[in-house]
Amino acid sequence: MEKLFGIEMDVLAIALFSGMLVIILVTIFLAARNRVLIKLALRNIPRRKAQTLLIITGLMLSTTIIMAALAIGDSINSGIRLGALYSLGGTDVRLSSPVFSRFGDNYLDETVVDEVRSALQGDTRVDGILPLIREKMPVINETSGKTVSDAVIVGADLNSMNGFTDVLGTEENGPIKIDIRNLQEGETVINKPLSDKLDLRIDDLLTLVSATGRTQHKVVAIVDPVGLIGGTESSRSSALFPVKTVQRLFNRDAKYNIIEVSVTGDYVVEGVTYDEIKSEEVAKKLSLAFINNQAVNELFNLLKTPKVVKAIKSELTERENDSSNPIFSDKLADLLPELDKDLPSDELKMAIADSLTQAKILGLIEKLEDENLTQSLFFAMSELVELNVDSIKTRSLEFAEIISSGIVLFFTIFGSFSIIVGLMLIFLVFVMLAASRTTEMGILRAIGTKRRHLVQMFTYEGLLYSLGASIAGTVLGLLASVLLMQLMIRGFADEDEITFYYSVTFQSIIIAFSAGFVLTALTVTISAYRVSKLNIVVAIRGLSEEFVTDEIPNAKQRAMTILKWIFGPFTFAYETWFIWRSGQGILIRVLTIMGLLLIFPWLLIIIWKIFKFFQPWLLTGWPLLPIGLIMTVYGLDPEKGIKGFGLGNAALVSVGISFVIVSLGLIIRSFLARRGYRGELQRRVSMTFIGLGMLTFYALPFDALEDITGELDGGPEMFVLSGVSLVAASVWVIMHNADVIVWIISKLIGRWGGLRPVVKLAIAYPMAARLRTGLTLAMFSLVIFTMMIFAILINLGNVLVDEPDRASGGFDIRATIRPELPIDDPYEVLALGTGKLSTTDFKVITSQARVRVEVRQDGGEEMQYKSARIRASDESWLQNNTYQLTHWDSEYGGTSAEIWEAVATNPELAVVAGNIISTDGGFGPPVDPSSFKIEGIDPAEKGQMKSVSITLRPPIGQGSLDTAVKRKVIGVLDSFADSFENSGNDIYMHHSVLQQVSDKFVPFTEYKFKLSDPLRADEIALLLDTVFIEHGMKSRSIKSYIDENQTQSNAFNQLFQGFMGLGLLVGVASIGVIAFRAVVERRQSIGMMRAIGFKERMVQLQFLMESGIVAVLGSVLGIGLGTLIAWNIFKTISQESEGVTFAIPWGNVGMVVLVTLIFSLVTTFLPARQASKVSPSEALRYE
Amino acid sequence: MTRAIIKSESVSKTYRSKDITVNALVDVSIEVEEGEMIAVMGPSGSGKTTLLNCLSGLDSIDSGNVSINGQSLSELSDDALSGYRAKNMGFVFQVYNLLPVLTAVENVELPLILAGSSQRDATKSAEEKLEMVGLGDRLSHLPSELSGGQQQRVAIARALANDPAIVWADEPTGNLDSSNASEIMQLLKRLNKESQQTFVLVTHSEEIGMLTDRIMRMSDGVIVDKGTG
């Protein structure tokens, strides 16, 4: 991967690694200045081996999670990336005709090839130019009778093979490269997937089915699916021929449909070179070479007119002011300065050749309502591009990058819950570690150690653990990711398109290791700071683990501290100089120089001290109120809040409101305090208020406050923020009302008389140590919370299985054919067929064609034409599909069937896919700004709609200029409809549109079948391929789509659940750690209990019960809150897609909770048994 | 006349928990002179230890003032107080409270290093101090390898490491058998004589008390008898 969170991986790796180095160097430096502290820290480590092991285990889990997420991302990235690279081979830039095959002839003459050659003449960056024909075609092995209906047939000019010859041999020829230059007419080189599918060996004959009939070719070699013979993403099967052969087959003498250019570069994978910069340079050079200069001049002059410049300027200003949608991928901004120049520059050419920019400009001009100007622009744009230049390798790699970083982001968001839990565990571990050494720390303080020395001592020790833990965590994360990827690899095993491999980059390892270390180190330092706050007297007596807060120094003292720290470096320098002078050797001299690194902690400390200066006032609550209010208002949509003062950011509003709630709580407390209420009551009332306030706020549905706040932007950070806040708030409420819980639990369990003392103690202990119990509870419920949400969300996606008809429209098989081999009458083909199939096997056979067009909503706010796809259907399809509509114009019918009937009989009408009316990405991918949308229909308000007029035309440069086809949209499809084929922005209508939109004959290429016996779908799909082989039919049953879909999403879900399981491990570990510590700490009390008559079993039971109570309470919280948030997410999703059902998968949830409970009891069992074995006399002798 | 090194004026300290308040110190005003060895005695819960903690700055006070050598403790920040303790005070506790991970000599070095001595000087004077308490042959033993009496001697050596002006001892012999206890007391007495350091002992043992210059008696947080020298 190259980027994470939008930051270059390299930069991230370097930054984190440097962060780690700074921490380590500063530590070494400070340690060297005061060696006794490091001595104390170091000697503590081997003191208790089991404890050290436990600590490292606790500390490493965060690193493990990060490492696993990154390694999974790497593997997915390399799977997609390798797929792309291997299938491209030598090709860096692909040139093709700007004409779409649906609208005209997309073949290139020999002269164009010559022009390309001369444009690149002498360019050392280019090591090959290869004209070729690539088409899909049905092929047959007539001996075995096996067929492949969409084999990729490549006819290459074998004299131009430089730079493209790295095709690797398979085992049959040994691991050697094959020289395909000697390929003769009548011969072919095929790839392994094709050989496997057809059962074709060397010297066998491969039969091609073309419009001109069948021809046979001898297989001379079988190679790996790489490069020219790598096939395409949708069909790996491929065969290579001399170009003449293919030209003859397609009746295209001396013509090509693709010219591929190979650019020199470094080997990125075996046999494939790549150099991004060179590749881009060559692509640009070619783009400029094949741009029509006459059209450029014409456009330049048209655009330079003040009217147009003004329109562009005002559009750009408008964008600047609109903070909500900052992503514009067109090049309008680049264009503007170029218009000031006297002559059209290269930058101008590149900008106007961009199709998005063209569409945008046309949209702007149309608003000016100058018919002539629009026509001239449109005409010039149509003529502009003479050859499409696609830097295909760069583009494919970028795509791999987007997919994999998306997946990593997803993992990191859910993973961040586990990471937070992991960090809490680190904190907990350190608090306990400190608890076990309270007395020592008290003594240290008594004999004059300063608080910061204690912080340092603990930090040193902690850093050493962190280092060990980061190493262990990285290794474990790698291991975990290997195991998890196996699930993924198995899930996609039957898939042609993507093969996943396990792969991890060095960068990722560095990032995981350093991030783990830095996070752990920070947490350790914070914990150390926390534990150093002890009351010396209490500590020496070893009385309590809860820490006493100090008296707050007055404002003057606090101000002095800030000053002291600002001038700190000078004192520090003086001290260091003093140490130097005392001649402590060369080491200290080196270290002194390292002392410069202290600038980082120094700045942090100053900020900290400034915060501490204000803290006492903050604690009264009053100052937080305005801060919270300002944040909230600033976070609002400017429409709702103050004009010009608002970001429309959900996170900001949430944090602001949280501040307000906290502030109110604190104000309540100081009010109660002034009224002289008991401290206990003050705390309970104010803290419960804060907890319940937060709980209510974060539990609200995401858009509950939209009327007040306006529309807010919220990314995944909101999910994490609200999740963590919810859990924290509930735990907060519980811990401040612990006695209520105690009362309930003792009422519940206390009935069993004999157990009463056990129950009493089992509750009393956890409730006495609020910090630990609160932390553990929070950790545990956070883990269950995440698992719960995920379990419910997976369940939402199962609609396809429950109601396949919603996606299939009632058809059993879908098929495509080759456009150059159209079917006149499918029933005739069936009748003439070999008798394998008869017309009676089918209830309905329907056909469709797809054409990409540009569409505009008449009278819409945006005049710009945007991209959409027509699904021109025959009457049979329109009348027989059972797709449901979410919106319809009742003027044309009251049911979905009636609307479809209207569309079938009136060619002026159309129905659009559900996505066309959706306004934002919601939980899905972001909306492509160039794709067509209809405004004014609310996706959430289903039912009646008013019909919408739209205008269609061919894309710029295709078809005739004055084509404009009007349609009336009378219905909107359910978003699940047709979801097998990425029906994002399809418009369904009568097939008569085809003649209107294109001068060329556009054949039907898609067939849908309803079977008499749907159970035979898989069998019939196979037969269809053979019966319709002359048309290159490739068919598949709907059921197999659904099954595959299921297998893949199951694989992903398993991968993900496994990943989340790592978080569970943390939760379970925390319970174990607590139990373990409790036994050590309470040795004497256990001895006493045993002495007064507790049986071994009772002691054991008590410990198990303590863990059990925390685990059960945590599970209940997690399940409740998880369901709540999942419900909120469901609400948001269901606004977009109708019919998603909410159900809690109790089986799944039960399993997760049960497993968790069992594991936490198992981890407690050992310490519990150990506790029960404590001999009373021995334990009491300690005193 | 020797001057007062420890001076408390109307010191009060109250512990509050949920429903109970305990007046641990009530209006305590005392003076201890330089070089004096005094014992604070009284029944359990009379506030002896609290007094020691408050006088030595380990614990804060609610009202009144404590000054050591004329320096009011409440004016010192936590860090300054720590530094002051490191240089001018030594502590001996009932449970010896040695750091288990450090050897005898390292335990004694610790306050010296904290006060800024170089390692070499610190080791040297730590060894001297251990010699002085009769543990010259146990320098590099860990606390777990020493007997109770020996551990307490190390703790005393540690308390004396900086040649502090004041040594605070809270039940220094509480955990020892009588022969060890009297040895420790003899040692303290000898050190007090030799070095003219001020010793404040908290004890409930009359025998120990008899060995000091003055016995101060407390009851319910109040000084009932300031004793006479």
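Visitor: Which residues of α3(B) meet which residues of α4(B)?

Guide: In this predicted model, A104(B), V105(B), V108(B), E109(B), L112(B) and I113(B) on the α3(B) side meet Q119(B), A122(B), T123(B), S125(B), A126(B), E127(B), K129(B) and L130(B) on the α4(B) side. Sorted by kind, the residues of this contact are 8 nonpolar, 3 polar and 3 charged.

Visitor: Why are α3(B) and α4(B) called oblique to each other?

Guide: Their axes, for residues 104-114 and 119-132 of chain B, come within 8 Å and cross at roughly 125°. Angles of 65 to 115 degrees count as roughly perpendicular and those over 145 as roughly antiparallel, and the two helices are therefore oblique. The crossing of α3(B) and α4(B) is right-handed.

Visitor: What is L130(B) in contact with, beyond its neighbours within four places in sequence?

Guide: Its contacts there include A104(B), V105(B) and V108(B), as well as L135(B), L139(B) and V154(B). L130(B) is also among the residues that touch the most other members of the largest nonpolar core, which has 218 residues; helix α14 of chain A, residues 392-435, gives that core its largest share, 21 residues.

Visitor: What makes D157(A) buried?

Guide: The relative accessible area of D157(A) is 13%, and buried means under 20%, so D157(A) is buried. D157(A) is placed in the loop between β6 (146-156) and β7 (187-191) of chain A, and, leaving out residues up to four places away in sequence, D157(A) touches R117(A), L130(A), P131(A), V243(A) and Y256(A).

Definitions and conventions: Residues are numbered from 1 along each chain as its sequence is written. Chains are lettered from A and ligands numbered from 1 in the order in which they are written. This is a predicted model: local features need pLDDT of at least 70, side-chain atom pairs count only at pLDDT 80 or more; totals for chains, interfaces and linings use all residues. Side-chain values use heavy atoms; hydrogens and water are left out. A nonpolar core is a set of buried Ala, Val, Leu, Ile, Met, Phe, Trp, Tyr and Cys residues joined through side-chain atoms within 4.5 Å. Buried means under 20% relative accessible area, exposed over 50%, partly exposed in between (1.4 Å probe, protein chains only). Helices (H or I, at least four residues) and strands (E, at least two) are DSSP runs, numbered from the N terminus. Contact means heavy atoms within 4.5 Å. Axes are lines fitted to C-alpha atoms, for helices over the stretch in contact, and angles run from 0 to 180 degrees between N-to-C directions. Angles under 35 degrees count as roughly parallel, over 145 as roughly antiparallel, 65 to 115 as roughly perpendicular and the rest as oblique. A crossing is left-handed if the near helix is turned anticlockwise from the far one by less than a right angle, and right-handed if clockwise. Ala, Val, Leu, Ile, Met, Phe, Trp, Tyr, Cys and Pro count as nonpolar, Asp, Glu, Lys and Arg as charged, and the others, Gly among them, as polar.
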